[in-house]
Amino acid sequence: MKKIFCLIFLLFLAAGFRVFPNGNSWPVDTSNPKLWLVICPEMTALTWSSNDLPANDPIYNQTVNFNQVIDSIANDFVNVPNSFIQIGNSATDGTYNTTIAAQRSINICLGSTPGASGGYATLRTESGRTVGCDIKMSATRASKLKWFVSTLTHEIGHCLGFDHSQDTTHAIMSYFHDDETNRLQIDDKMGLIYMYPENANQAKESMTFGLSCSPRN
Ligand SMILES: [Zn+2]
């Protein structure tokens, strides 16, 4: 009976976040937890005529400038409890320099994206290790604040090693999230804790909600 329950539970979990085959291969760990957002100059001139983010958004109803928006996206990742990953905005984080950010940078530029997609992320790897990630965002997708936030959050998720989630409503990494889902959702946060755990044993618990199928010491 226990085995059947575990099987059902694992099938349920399999419906959520998915990681790329090489998972987290950035040179990060709990003692070196930071990746950097480096923004192309043409992007920093972006402004939005209205703040169309939903009422539950951290910067709802604020008049925002470009870097406040980028900081809010970075903080969404930083604020996930039990995940060690840190995301810094190179323009506003005083500790940024190109030496410490070598092989830890996510470059973000405007550009053409394939097909109907509004954003596109490409991981750069050398000898199986991730050494960078390049995000391109279409000008159309960048034109509305809520689209900008959701697209950039989604593409940073790809840079961190996540494929599209099979969870349609609780994941910004889903193809199908609605227009009012702009920030990390519960499925994304579980993925971050799994891939970048502050405590590896804790991550094991998170994946199965404490219902491990194998005996633990
Ligand atoms: Zn995607």
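**View 1. What lines the largest pocket of this predicted model**. By class, the lining splits into nine nonpolar (Ala, Val, Leu, Ile, Met, Phe, Trp, Tyr, Cys, Pro), 13 polar (the others, Gly among them) and five charged (Asp, Glu, Lys, Arg) residues. That makes 27 lining residues, with Gly119, His154, Glu155, His158 and His164 nearest the centre. Strand S4 (119-126) and helix H4 (145-159) are the elements giving two or more residues, and H4 supplies the largest share, eight. The space comes to about 500 Å³. (A pocket is an open set of points on a 1 Å grid over the protein atoms alone where a 1.4 Å probe fits, with protein on both sides within 12 Å along at least five of seven lines; lining residues have an atom within 4 Å of a point.)

**View 2. Helix H3, residues 66-78**. At the start of H3, a side-chain oxygen of asparagine 65 comes within 3.1 Å of the backbone nitrogen of asparagine 67.

View 3. Seven of its ten residues are buried, so H5 is largely enclosed by the rest of the structure. Among them are Asp187, Asp188 and Met190.

*Notes.* Numbering starts from 1 along each chain as its sequence is written, and side-chain values use heavy atoms, without hydrogens or water. Local features need pLDDT of at least 70 and side-chain atom pairs 80 or more, while totals for chains, interfaces and linings use all residues.

Conventions
Grid points are joined across faces, edges and corners, and a volume is the space filled by probe spheres set on the points. Helices (H or I, at least four residues) and strands (E, at least two) are DSSP runs, numbered from the N terminus. The expected span of a helix is 1.5 Å times one less than its number of residues. A polar contact is a pair of N or O atoms within 3.5 Å; within protein, one must be able to donate a hydrogen and the other to accept it, and residues adjacent in sequence count only if both atoms are side-chain atoms. Buried means under 20% relative accessible area, exposed over 50%, partly exposed in between (1.4 Å probe, protein chains only).
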